[in-house]
Amino acid sequence: MRIVLLGAPGSGKGTQAQRLINRYQVPQISTGDLLRAAVAAGTPLGLHAKATMDAGKLVDDGTMLGIIRERLGEPDCANGFILDGFPRTIPQADALTVLLEELGCPLEAVILMAVDSEQLFRRLTGRRTCKACGAVFNVYTAPPSVPPPCGGRCDSPDLFQRPDDSEATIGKRLEVYEGQTRPLVEYYSARGLLREVDAEGDIDVVTARLEAALA
Ligand code: AP5
C-alpha cells in the first residue's frame with residue numbers, strides 16, 4: 001500500500017495513520033513528526049524549521065524533499081507507506097511523482113479527509129500530546145480528567161499542547177492549507193488518484209470509512 005493522507009490541520013491524519021499502520025503493516029511517514037523530532041533534538045534541520053513551524057507556515061520545499069527522499073529510501077518502506085502531511089504543495093507533489101517513478105513504486109491512492117473548519121478549530125485547540133509516549137488526546141473528545149488511557153503505554157500521561165496549536169497559529173495554518181495545499185485536491189483528482197472520505201464523527205467510524213475507501 002502506497003498512499004497519501006491529505007487533509008487540513010486537525011482532520012485526523014495522524015490519528016487515522018496510527019490505526020492504518022497496524023491494519024496494513026506499513027510505516028506512517030509524518031513529516032510533521034520528523035520535523036518535531038529534529039526540533040527536539042536541536043539538529044540543524046530542527047533549528048532551521050522551528051520558527052517556520054511555530055508561525056504556522058510551511059518549511060521550504062527543498063528541505064522537505066530532502067527529508068522525504070531519505071525516509072522513502074529506508075528498508076521499512078519497501079512494502080509501502082502512509083504519507084501523512086506530505087506533499088503539501090504542487091512542487092512537492094511533482095517531486096514525489098518523479099521520486100516514486102525512480103523507485104518504481106507509484107502512488108496507489110490519495111485520501112482526502114474532509115472536515116468542516118469549525119470542527120478543525122475545535123480539534124486543534126483541544127489536542128494534547130503525551131510527552132512520554134507521543135499518544136494524542138483531545139480535551140473535548142478524550143478529556144484528560146477521564147483519565148486518558150495513553151494508548152496503554154503510560155501509567156500517568158504528562159500532557160502538553162503543541163506550540164502551533166495556539167488560536168492565532170491555527171488560523172494561519174488553515175489559511176496556508178487553503179492557499180498552498182488544497183490545490184492538491186484538483187491535482188490528484190485530475191490524475192485519478194483522489195478518494196474523498198467524510199472524516200467527521202466517531203474515530204472508529206472514520207477508520208471504517210477509510211478502510212472501505214482503500215478496499
Ligand atoms: P503536521 O504535524 O503535519 O501538522 P498538520 O498537517 O497541521 O496536521 P496536524 O498534526 O495538526 O493534524 P492531523 O490531521 O494529524 O490531526 P490529528 O490526528 O492529530 O505539520 C506541522 C508543521 O510542520 C506544519 O505547519 C509545517 O510548518 C511543517 N510541515 C510538515 N509537513 C510539511 C511539508 N510537507 N511541507 C512543509 N512544511 C511541513 O487530530 C487532531 C485532534 O483531533 C487530536 O486531538 C485528535 O485526538 C482529534 N481527533 C482526530 N480524529 C477525530 C475525530 N474523528 N473526532 C474527534 N476528534 C478527533
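Visitor: What should I know about the model before we start?

Guide: Because the model is predicted, local features need pLDDT of at least 70 and side-chain atom pairs count only at pLDDT 80 or more, while totals for chains, interfaces and linings use all residues. Residues are numbered from 1 along each chain as its sequence is written, and side-chain values use heavy atoms, leaving out hydrogens and water.

Visitor: How do you know that the span of helix 1 agrees with what its residues should give?

Guide: Helices (DSSP runs of H or I, at least four residues) and strands (runs of E, at least two) are numbered from the N terminus. The expected span is 1.5 Å times one less than the number of residues. For the twelve residues of helix 1, residues 13-24, that should be 16 Å, and the end C-alpha atoms are 16 Å apart, so the two agree.

Visitor: Which residues of helix 1 are called buried?

Guide: Buried means under 20% relative accessible area, exposed means over 50%, and partly exposed lies in between, with a 1.4 Å probe and protein chains only. In helix 1 the buried residues are Lys-13, Gln-16, Ala-17, Leu-20 and Ile-21. Looking down the helix axis, these buried residues fall within an arc of 145° (taken from the directions from the axis to the C-beta atoms), so they line one face of helix 1.

Visitor: What covers the buried residues of helix 1?

Guide: Contact means heavy atoms within 4.5 Å. The cover includes strand 1 (2-6), strand 2 (28-30), strand 3 (81-84), strand 4 (109-114) and helix 9 (203-214).

Visitor: Why is Gln-25 called exposed?

Guide: Gln-25 has 64% relative accessibility, so it counts as exposed. This residue sits in the loop between helix 1 and strand 2. For background, most residues other than glycine have a negative phi.

Visitor: What makes the five strands an open sheet, and in which order do they stand?

Guide: Two strands pair if DSSP finds at least two bridges between them. Five strands form the open sheet in the order 2-3-1-4-8, with parallel pairing. Strand 2 and strand 8 (194-198) stand at the edges with a single partner strand each, so one side of each has no neighbour in the sheet. From one strand to the next, the twist averages 25°.

Visitor: How do you know that strand 1 and strand 3 pair?

Guide: Strand 1 and strand 3 have four bridges in the parallel sense, and the pairing rule asks for at least two. Within this pair, Leu-5 stands opposite Asp-84 in strand 3. Helix 8 (residues 183-190) packs on the sheet and touches strand 1, strand 4 and strand 8.

Visitor: What about strand 5 and strand 6: how many bridges do they have?

Guide: Strand 5 (residues 127-130) and strand 6 (residues 136-138) pair antiparallel over three bridges. Arg-127 has Asn-138 in strand 6 as its bridge partner. Strand 5 is also joined to strand 7 (residues 159-160) by two bridges, again running antiparallel. There, Cys-130 stands opposite Leu-159.

Visitor: Why are Asp-33 and Arg-36 about one helical turn apart?

Guide: They are three residues apart in helix 2 (residues 31-41), which means a separation of about one helical turn. Asp-33 and Arg-36 also form a salt bridge, with their closest N and O atoms 2.8 Å apart. At 39%, Asp-33 is partly exposed, and Arg-36 counts as partly exposed at 28%.

Visitor: Is the Asp-165 and Arg-173 pair buried or exposed?

Guide: Both Asp-165 and Arg-173 are buried. Their salt bridge has its closest N and O atoms 2.8 Å apart. Salt bridges with shared partners join Arg-127, Arg-162, Asp-164, Asp-165 and Arg-173 into one network.

Key
Axes are lines fitted to C-alpha atoms, for helices over the stretch in contact, and angles run from 0 to 180 degrees between N-to-C directions. A salt bridge is a side-chain nitrogen of Lys or Arg within 4 Å of a carboxyl oxygen of Asp or Glu.
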